[in-house]
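Colleague: Hi! I'm new to this one, could you walk me through it?
Modeller: Happy to, let's bring it up and look together.

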Amino acid sequence: MKGEKYLLLILLTLACLFPVEQAFSESKPTFKRTVEKYTPPDVTLVNQDGKKVKLLSLINSGKPVMLDFIYGTCTTICPVLSAGFTNLQSKLGQDSAKIQLISITIDPEYDTPAVMKDYLKRFRAKPGWDFLTGSREDIDRVMRAFNAYVPNKMSHYPLTLLKVPGSDQWVRIYGLVSTSVLMNEYRMISGK
């Protein structure tokens with residue numbers, strides 16, 4: 001029941017954001033898009049199933065990658081970012097296996113595999129979406145590598161990163177975006 005209330009809150013938040021986005025879509029984007037080069041560290045993290053995962057192996061899987069930084073108890077932007085991933089997987093349908101979604105916690109002291117697994121369950125995540133945690137040191141290294149470091153989880157910001165397979169270039173989207181924007185970005189990086 002708690003999960004359903006949480007999902008309802010997310011859907012209401014998204015419903016409130018939609019008219020704002022629609023109003024701005026006719027003038028100028030409400031987000032900033034840049035292309036950057038990043039060198040992610042070669043760290044081993046832990047996914048929602050408790051499995052050790054080499055971050056570089058996940059990023060260089062040959063699939064387009066979409067990555068964000070969130071935490072399990074966030075009630076502001078993280079649910080909106082996660083709803084975007086959920087909606088993207090839903091719109092892609094069977095093709096959702098053709099993209100690797102990665103959420104990396106910014107609260108590794110709290111976000112255990114069990115917490116992350118529950119979080120993904122609430123968002124009805126499909127296979128291909130991994131939520132990763134690790135030591136504070138490794139998480140900080142990853143955040144710094146993507147120019148996303150925040151010293152306090154309460155000062156985090158909406159950021160989505162997309163990578164073309166076989167490239168060191170990343171599309172950096174700063175701001176909250178609609179599923180249609182994520183779909184367009186996915187199409188551009190995947191060549192579809």
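Colleague: Which way do the side chains of strand β6 point, and are they buried or exposed?
Modeller: In this predicted model, W129 and F131 point one way from strand β6 (residues 129-132), while D130 and L132 point the other way. All of them are buried, where buried means under 20% relative accessible area, exposed means over 50%, and partly exposed lies in between, using a 1.4 Å probe and protein chains only. Helices (H or I, at least four residues) and strands (E, at least two) are DSSP runs, numbered from the N terminus.

Colleague: How many bridges join β5 to β6?
Modeller: Four, and β5 (residues 100-105) runs parallel to β6. Two strands pair if DSSP finds at least two bridges between them. S103 has F131 in β6 as its bridge partner.

Colleague: What does the chain cross through from β5 to β6?
Modeller: Helix α4 (residues 113-122), and this β-α-β crossover is right-handed. That is to say, with the strands pointing away from the viewer, the path from the first strand over the helix to the second runs clockwise.

Colleague: Let's stay with α4. Which residues are buried there?
Modeller: M116, Y119, L120 and R122 are buried in α4. They cover an arc of only 155° around the axis, so they sit on the same side of α4; the arc is that of the directions from the helix axis to the C-beta atoms. A114 and K121, on the other side of α4, are exposed.

Colleague: What comes just after α4?
Modeller: R124, with a positive phi of about 50°. R124 lies in the loop between α4 and β6, and it is exposed, with a relative accessible area of 55%.

Colleague: Now α5. What do its buried residues pack against?
Modeller: The buried residues of α5 (136-145) are D138, I139, D140, V142 and M143. They pack against β2 (44-46), α2 (55-59), β4 (65-70) and β5.

Colleague: And which residue just after α5 takes a positive phi?
Modeller: That's N147, at about 50°, although N147 is not a glycine. N147 is found in the loop between α5 and β7 (159-163), and at 52% relative accessibility N147 counts as exposed.

Colleague: Changing topic: how many disulfides are there?
Modeller: The count comes to zero, taking a disulfide as a pair of cysteine sulfur atoms within 2.5 Å. C74 is in no disulfide, and its nearest cysteine sulfur, that of C78, is 3.1 Å away. C74 is buried, at 0% relative accessible area. C78 also counts as buried, at 0% relative accessibility.

Methods. Residues numbered from 1 in each chain as written. Predicted model: local features only at pLDDT ≥ 70, side-chain atom pairs only at ≥ 80, totals over all residues. Heavy atoms only, no water. Contact = heavy atoms within 4.5 Å.
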